[in-house]
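Colleague: Could you take me through the aromatic contacts and the burial of this model, with the cut-offs stated?

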Amino acid sequence: MSAQCDYSFGIEEEFFLVRPESRLLASQVPSRLWKRARAEFGDAIESELLQAQIEIASPILCDVGQARRQLGGLRRGLSALAHEHGLALLAAGTHPLGLWREQSETDKPRYRRLVEDFQVVARRSLVCGLHVHVQLPDDVDRVRVMNRAMPWLPLLLALSTSSPFWDRLRTGLMSYRQAMYDEWPRTGIPDFFESEADYDAFAAVLVRAGAIADASSLWWAIRPSPNFPTVELRIADACTHLDDSLAIASLYRCLMRHLVMHPAEAPPCNATVRRIIDENRWRAKRFGLQAEFIDERGNTEPALAQLQRLRALCREDAQALDCAEALASIDDILARGTSAHAQLALYRQQRDGGATRAAALKSVVDWLLHTTVPAA
């Protein structure tokens, strides 16, 4: 990934493949679907650990309009292709009716190694996320900017929550995906590394010990990408609404620019701050946008107030990057709620109307299927 514009970016979205009649996951996906997808969309389509998952990846992007065209076209194109093979596309952090025991791993050497190494942890990884890459200027140390971005990660998670169900049960969490992902090693909030050199030295220790093959196995919520000159956001749930993905990506991009342009705005990087960020991550995955975040002095701030503060900080960056329209979609998230809010509201409505739990969950899946693919 090389710079074509200031703070170029890329977006990766993971999806579930569903059998629309039963609303269940497609535990076995025809190989001809993958071949057609690669033939039609090339490197924009990637397989995942489990056959029921698929990923789309944008090219290098310079503006939100381009992102909307690219990702909207990929969602619609992949959905149409899946439909030809009796399947449908669903965007959410977890599938409400998904059962991990019924899934099949993708038959590739890398995925076989993951299952061998991590056993049930890998087999249970029935979750989908949103990843956003932002390229910084060449003379900027990515890890130092990453450190300064970390206090905002719980808020970005709260904006994306879409995984309130797991194993056909209401979990009580807005992002169960984060809870499941904590089973993996080298996930969650990273420690404060002094610099890229310090980060690389840590990765080298694990490589020498045989713990990892390379830095791509550091799966933290934010990281310097091992493959691109970017800082990669990994904490967000997969967003059902495409506009939510674009809004979160735009806010993160503006935050990256703001941090580069204002290097003096540097919160302390110590154990207390690191643990508080992780406490706030718990609050975000439990309560989403209704969370109360805390700071190192013990003060609390509602997530919505923190969001208002971040948007004010990034106002000039939004203008410089022409992101104002995309950021306006955040108001839509606040008005209607995240995907998790919508799923839970529909589930409660169905249950209050006398539907069985299974029927209510099917209604949630129907909403997810309908909402995942944007109109042309």
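Colleague: Are phenylalanine 193 and tryptophan 220 buried or exposed?

Modeller: This is a predicted model, in which local features need pLDDT of at least 70 and side-chain atom pairs count only at pLDDT 80 or more, while totals for chains, interfaces and linings use all residues. Residues are numbered from 1 along each chain as its sequence is written, and side-chain values use heavy atoms, with hydrogens and water left out. With buried meaning under 20% relative accessible area, exposed over 50% and partly exposed in between (1.4 Å probe, protein chains only), phenylalanine 193 and tryptophan 220 are both buried.

Colleague: How many aromatic pairs does the structure hold?

Modeller: Rings of Phe, Tyr and Trp (its six-membered ring) pair if their centres lie within 6.5 Å, and planes under 30 degrees apart count as stacked, over 60 as edge-to-face and the rest as tilted. On that basis, the number of aromatic pairs in the structure is 10.

Colleague: What is the angle between the planes of phenylalanine 118 and tryptophan 184?

Modeller: Both phenylalanine 118 and tryptophan 184 are buried. Their rings form a tilted pair, 4.9 Å centre to centre, and the angle between the planes is 50°.

Colleague: Which residues do ring pairs link into a cluster?

Modeller: Phenylalanine 193 and tryptophan 220 form a tilted pair, with 5.9 Å centre to centre and 40° between the planes. The cluster linked by ring pairs consists of Phe193, Tyr199, Phe202 and Trp220.

Colleague: Over the face of which residue does arginine 177 lie?

Modeller: A charge sits over a ring if NZ of Lys or CZ of Arg is within 6 Å of the ring centre and within 35 degrees of the ring normal. Arginine 177, at 5.8 Å from the ring centre, lies over the face of tyrosine 181.
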